[in-house]
Amino acid sequence: PNMMDLGVYQRVGGLVLGGGDIFDPQGQLPWIYPGFAALLTVPFAVLPFTVAALSWLLLCAAALAAILYRQGLTGWRLSLLATAAIVGVQPVRDTLGFGQLAIFLVAAAVLDSMPGPRVLPRRLLPEGWLVGVATAVKLTPAVVAAHNFFAGRRGPGLVAFFSFLAATALGFVLLPAASLEYWVRLASGDSGLNSGIVFASNQSVLGMWTRLTGAPGGGGLVLSVAVVVLGVAASVLVHRSGEPALALCLAGLTSLLGSPISWSHHYVWVVPLAVALWQARALPAALRWSGLGYSAWVAVAPFMWLPMGDDVEFGYTAGQQAVVNGGVVAGVALLAG
């Protein structure tokens, strides 16, 4: 695969080492993450691209296996399901193809906060630090921290918050201009990819709103916030009912539905979500099977077969709108259920 996003990370790592402007796209894809995240790209900048690409793929595969191991899968079942996810689950396959970091963000949350088998007998750092560092790279894991806090797990929630502040502060110390530019842009509503909100591959509530109404608008943002509140409430209730693994996956799903831009390959959360639903035999059958059906829809991603780009989404027929927005509606319905 061309792994174009990994190419961006390598370019930015080189700019960090050389003191250049990390937000100058130089005719390529733009960098849209904060200064702290740019620091993490440096190790890949000093490697030849082929070595960096192979290393990235191996690390992603290991992270995916670690997620499934935490959910109790071992031996041939672990190998088989990890392989099936890599080959057959569109978000995982495209994450690897683009050289994207979605698997690492999910792994950070799962390995930090989901109960289950561990490789090490005890923690080296307090629970919450991985979620906090992941939030300093990309804001969406903050929903997992909020879930922990409101589910009565105040310690991990607060550790995540202060870890986020510490990592962000490190970005300001080492890359002050880039860090300031990122947060000023974000505060003004510029995500770096605002023109792509309408794209069919943007499977967020705001993306659906934009495709249906013709503009992002305040209504879409209000609806996104409402879905985040709904999702955190749902995850807290599920946690209190004795399903902490499923609750964490619902918080991860909420972070994607509520984010302004959630590309289809960000939905790596569908893998642990499907496993958690399969294992949650005490759930009402209607909720469990509808959730597994939703997981299958996200894994196949039929909306990716639609024409997209150049604002063609504004001209979708009613049938095409149903396909492109059906997953978003089903995801919100799962949270409500």
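Buried residues (under 20% relative accessible area, 1.4 Å probe, protein chains only) make up 50% of the 337 residues in the chain. The model is predicted: local features need pLDDT of at least 70, side-chain atom pairs count only at pLDDT 80 or more, and totals for chains, interfaces and linings use all residues. Numbering runs from 1 along each chain as its sequence is written, and side-chain values use heavy atoms, without hydrogens and water.

The structure holds four salt bridges (a side-chain nitrogen of Lys or Arg within 4 Å of a carboxyl oxygen of Asp or Glu). Three of them are tabulated here.

| Pair | N to O distance |
|---|---|
| R123 and D112 | 3.5 Å |
| E127 and R153 | 2.4 Å |
| R185 and E181 | 2.8 Å |

D112, R123, E127 and R153 are linked in a network of salt bridges. D112 is buried at 1% relative accessible area. E127 is buried too, at 17%.

R185 and E181 both lie in helix α11 (residues 176-187), four residues apart, about one turn of the helix. Both are partly exposed: R185 has 29% relative accessibility, and E181 has 28%.

Key. Helices (H or I, at least four residues) and strands (E, at least two) are DSSP runs, numbered from the N terminus.
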